[in-house]
Amino acid sequence: MSQHVEIDGVGLHLGRPDQTVSDWIGQHEALKQLLACWLVIDEKDMPLTPRLVGTPGIGKTSLAIAGARTREQELYIYQCTADTRPEDLLVTPVLAESGKIKYHASPLVSAMIRGGICVLDEGNRMNEKSWASLAPLLDHRRYIESIVAGVTIPAHPDFRCAVTMNEDESTFEIPDYILSRLQPSITLEHPNREDEKMILHYHLPFADEHMLDLTVDFLQQSHSLKLDFSTRDGINVLRLALKRAAQDKEHPLSKDTIWLESLKSCLGDDALDLESLSEKRQQNLGGNMMPMGLGDFFFSPDNPLHPDRDDDDFEDFEDDEDDDNY
């Protein structure tokens, strides 16, 4: 596998593929959808670039990795950040020992050239300027233009891409012209109890059965209360608890106590009482109250001139007026 290629007289140093192995457990429909997006069923057909959406730690990257392994293609992962620049995303100039400039292809461009799969991880942390540099790659043109290296690089026919996106507030608003290129949206939900236990056992096959059950019980209660603790959080809690238990096997603390200490260390005091935490979150969000709009400051809720009033309510108001006049 060559680490160097030349395009239009410009030499590029390619990155190495990711060697992570990840099996996908549960939610088989999500994997089928992803693989369908990457199919090409006709000479004039094109692969889709889906966005994988869900809360942090739910397994979006693992899904993409499993899809790449299923297709038996090289995998490249680029971690998007708020300060990602177009040259970071495409081709970066590096000063070599000889004093000359060398051009290093990003994981994305390396995947484009080799015909691999690239996962743009946490894509909605990236700014619009960087997204704009990918616009021609994500439509029928399938190429990128590196201003730094002065070359246009076409994508290999086997190149595929997916973008993971977290459902949180610490992200940029992705422009519509990019979102229209990132279709469809595949949303991941929290796994059920059986799948979640299998996931924990997959990552920690040496885990104690009792501690496994404690962790799964905690995660399932968290999911039912719509809290944002993820399977990844559970793996970290369980891993620390197992380390603490193995550190001193003669320690008088019970497994339950060790697990609770690990839960507190990893996720904080609030995680010790999920119901209270859920109530606190609801209060911070205003409970079940509907947010006030601008019209609420000028009109009462039953006023027919209220801009957010339902048409059905307005018709009922007119009927009441007609009855009164009659």
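In which loop is the place of Arg142? Arg142 sits in the loop between α5 (128-132) and β8 (143-146), where helices (H or I, at least four residues) and strands (E, at least two) are DSSP runs numbered from the N terminus. The model is predicted, with local features requiring pLDDT of at least 70 and side-chain atom pairs counted only at pLDDT 80 or more, whereas totals for chains, interfaces and linings use all residues. Residues are numbered from 1 along each chain as its sequence is written, and side-chain values use heavy atoms, with hydrogens and water left out.

Arg142 is buried (under 20% relative accessible area, with a 1.4 Å probe and protein chains only), yet Arg142 has no salt bridge, defined as a side-chain nitrogen of Lys or Arg within 4 Å of a carboxyl oxygen of Asp or Glu. The nearest side chain of opposite charge, that of Asp158, is 7.6 Å away. The side chain of Arg142 does, however, reach the backbone oxygen of His156 at 3.1 Å. Leaving aside neighbours within four places in sequence, the residues in contact with Arg142 (heavy atoms within 4.5 Å) include Met46, Pro47, Pro136, Leu137 and Phe159.

Elsewhere, four strands form an open sheet of mixed pairing in the order β1-β2-β6-β5, two strands being paired if DSSP finds at least two bridges between them. The edge strands, β1 (4-7) and β5 (91-95), each pair on one side only. Strands β2 (residues 10-13) and β6 (residues 101-105) run parallel and are joined by two bridges, and His13 stands opposite His104 in β6.

How values were computed
Buried < 20%, exposed > 50% of the residue type's maximum accessible area, 1.4 Å probe, protein only. Lys, Arg positive; Asp, Glu negative; His and termini not counted. Polar contact = N/O pair within 3.5 Å; in protein donor to acceptor, adjacent residues only side chain to side chain.
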